[in-house]
Amino acid sequence: MSEKKYPCPSFPHMIHGADYNPEQWPQEYWDRDMELMQQANCNEMTVGIFAWSTLEPREGEYDFSYLDTIIEKIGEAGGKVILATPSGARPRWLAEKYPEVLRVDAQGNREHIRGRHNHCPTSPVYRQKVRAINEQLARRYGNNPTVIAWHISNEYSGQCHCPLCQKAFQEYLKEKFHGDIGELNRAYWTTFWSHTYDRFDQIEPPGALTETGIHGLNLDWKRFITRQTISFIENEIAPIREHCPHLPVTTNMMYEFTDLDYHKVAQVLDFASWDSYPEWHNGDDTVIAQRAAFWHDVYRSLKQKPFLLMESTPSLVNWKPYNKPKAPGLDTLSSLQAVFHGSDSVQYFQWRKSRGSSEKLHGSVVGHDGTADTRVFASVQRTGDVLRKMDRVAGTLTDAPVALILDWENLWALDDCQGYAQKDKKYFETLYSYHRVFWERGINCDIVAPDAELSGYKLVIAPMLYLTSQATAENLRAFVAAGGTLYGTYMLGTVDENDLCHLGGIPGCGLNEVFGITAEEIDTLYPGEVRHADLGGKCHRLVDYCETLRLRDAQVLCSYADGYYKDTPAVTCHSFGAGHAIYQACRDEGSLKEEILEQWLYKLGIHSEVLGTLPHGVTCHSRTDGRFAYVFLENYLDQAAPTVQLRQPMTDLITGETVERCALPPYGYGIFQYEKGAKP
Ligand code: GAL
């Protein structure tokens, strides 16, 4: 790695900014906002997200005067603008005149004019209206030097069941199955319950009153929603590509989001960005920090380059069951956490707190008092000051020796399947539990799609990869054959891409050869029921799933200590080609996977930038431009952490001192740099 990749190449710096809605405020506030922006050490504002009714108050009558003024003012104040397209919420006239833009729910009811993020993604009228306003924006601002990127719409989500979407779904399936309804019937196993289709126009999206028992259909509906959203995004982007091809586009994605396959969505974006709102202080902050870290890793890995933290709250949100501000110290640490994981920005929702409507009590940089004299404003200032000192980290990449596979299609198939623990398969929790092993040890971890290029990793973890296509199996097989270490678990390779069970033994598609085992039965444990596994005389607690294995030629690492499968293999390892395939057949509470993975990290020479074990609550991450490594230490406890010893002397980027040891205060962080290859 020896390059920098900036999300916004025309502004190769750390970005510190916020969603800004000046259209909600009289003009006399705007100059004051510019002063405050400078005072807050901010250098960016994201504007226009929900401004459609101001920009086009009547059909075809555009009024850009507010945006002209605001972009000019931000530029004069030394700031940059990320400009949004306004499709996330419509003007009233549009929905009134063209009701087809309103979404239809799974019961078949068309929504009234209300809320946001609720358009029909197929409606030709909506696409045309969005394209028209985007065209105006792109022509007008595409070459404005203050504008550095496009923020397409806002948090795409949901689905529409209107007749237009149904027709588009049928067309999608016709194309997928080559116009052959027989092929669809075979893929969907429709002779089950005599649900065979005669024609594509009989197909309805799964809904409250329609077919939901055909798993292949359900899966294709989800794929269609992603496909339709992407085609909507492409329609939004087209005028931008035409009038300002030099400006990058993104859309803001979300935490634990299940409606869309973000791996596919990311393909049409230039960089990834997301909105992070962890529930800090609700329980153990180290758990919350690690989950936030997981999602930062997801968004960095989507494009394998720096992402932007597009939204976060500087204090609290207003939409959780209990809305608690971030404690002093954690406010800055939680912002910098994104940067430590590969973000080139810290951005807030929102700049100035709205006076009315549903977000009037949401956290903001500037509150209703309108001053800089608040705790929150001061913490934003401090964060901005640190970001300035970290400017050379902008554009640097994350070198991860480990990858964890996350697959939204697998999640959909697992959630839909009837069996195992019916209601809660815990896919994300399981991914978190593997990620935690690396987080606690300060090891960078990418989170990738099953078809990702794996050759750069030493260790790949594929938890609960129930849906495994032939292509995925080949990718995994090639990784191991070439010398990689693959760690699979129970349920691996159960169904194919149509949600049909693999025949001839699982893990299917030849993965049983790679792992040297065949999985036979899964014992789904009742809540509270516990089994044990014995690893070198140490007993580990197992919950939820114990799968029984038939050995082909794998070596047994650990056996069950109880249940009717006592003394049979619980974890195996198999040499395949130049690599190894480890199979964990059971769900453990943490300690079993930790112990096995720790041994493998050692064998593979994977370690953090710190010597010895990291204290509880402290983690470590790094970025690099090839020449320099930037090392970040983070303490998520409200108590001082014991001193840690760095692997070599490093320069503290904040103080300029050379340090070898570091003792972090409560919610403290350290930002260091060393030259790679230079003698310590
Ligand atoms: C985000 C959304 C913002 C704002 C924020 C409040 O999901 O994009 O517009 O509503 O939540 O936390």
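Lysine 167 counts as partly exposed, with a relative accessibility of 48%. Here, buried means under 20% relative accessible area, exposed means over 50%, and partly exposed lies in between (1.4 Å probe, protein chains only). This is a predicted model, in which local features need pLDDT of at least 70 and side-chain atom pairs count only at pLDDT 80 or more, while totals for chains, interfaces and linings use all residues. Residues are numbered from 1 along each chain as its sequence is written, and side-chain values use heavy atoms, with hydrogens and water left out.

- Which residue does lysine 167 pair with in a salt bridge? The partner is glutamate 171, and the closest N and O atoms are 3.2 Å apart. A salt bridge is a side-chain nitrogen of Lys or Arg within 4 Å of a carboxyl oxygen of Asp or Glu.
- Glutamate 171 and lysine 167 are separated by about one helical turn, because they are 4 residues apart in helix α6 (residues 163–176). Helices (H or I, at least four residues) and strands (E, at least two) are DSSP runs, numbered from the N terminus.
- Glutamate 171 is also partly exposed, at 37% relative accessibility.
- Arginine 186 and aspartate 180 meet through their side chains in another salt bridge, at 3.9 Å from N to O. Arginine 186 is exposed, with a relative accessible area of 55%, whereas aspartate 180 is partly exposed at 32%.
- Arginine 199 forms a salt bridge with aspartate 201, where the closest N and O atoms are 2.8 Å apart. Both ends count as partly exposed: arginine 199 at 44% relative accessibility and aspartate 201 at 48% relative accessible area.
- Salt bridges that share partners also link Lys176, Asp220, Arg223, Asp261, Lys264 and Glu409 into one network.
- How many salt bridges does the structure hold? There are 40.

**The nonpolar cores**

- The largest nonpolar core has 192 residues, and Trp150, Leu173, Tyr262, Trp351 and Phe438 touch the most other members. A nonpolar core is a set of buried Ala, Val, Leu, Ile, Met, Phe, Trp, Tyr and Cys residues joined through side-chain atoms within 4.5 Å.
- Which helix gives the most to this core? Helix α8 (residues 215–243) does, with 10 residues.
- A second, separate core holds 16 residues, including Leu614, Val618, Met650 and Phe672.
- Leaving aside residues up to four places away in sequence, tryptophan 150 touches several residues, among them Ile82, Leu83, Leu137, Ile240, Leu247 and Val249. Contact means heavy atoms within 4.5 Å.

**Helices that meet**

- Helix α7 (residues 181–188) is mostly covered, with 6 of its 8 residues buried.
- The buried residues of α7 are Ile181, Gly182, Leu184, Asn185, Ala187 and Tyr188, and they pack against α6 and α8.
- The axes of helix α11 (residues 330–340) and helix α12 (residues 375–389) come within 9 Å and cross at roughly 35 degrees. Axes are lines fitted to C-alpha atoms, for helices over the stretch in contact, and angles run from 0 to 180 degrees between N-to-C directions.
- On the α11 side, Asp331, Thr332, Ser335, Leu336 and Val339 meet Arg375, Ser379, Arg382, Thr383, Val386 and Leu387 of α12.
- The residues of this contact divide into 4 nonpolar, 4 polar and 3 charged. In this grouping, Ala, Val, Leu, Ile, Met, Phe, Trp, Tyr, Cys and Pro count as nonpolar, Asp, Glu, Lys and Arg as charged, and the others, Gly among them, as polar.

**Backbone details in the loops**

- The peptide bond from phenylalanine 349 to glutamine 350 is cis, with omega near 5 degrees. Glutamine 350 is found in the loop between β9 (345–348) and α12.
- Isoleucine 506 and proline 507 are joined by a cis peptide bond, with omega about -5 degrees. Proline 507 is in the loop between β13 (485–489) and α16 (511–515).
- Aspartate 499 lies in the loop between β13 and α16, and it has a positive phi of about 70 degrees although it is not a glycine.
- Is aspartate 499 buried or exposed? Aspartate 499 is buried, with a relative accessible area of 10%.
- Histidine 178, in the loop between α6 and α7, has a positive phi near 55 degrees and is a residue other than glycine. Histidine 178 is exposed, at 62% relative accessible area.
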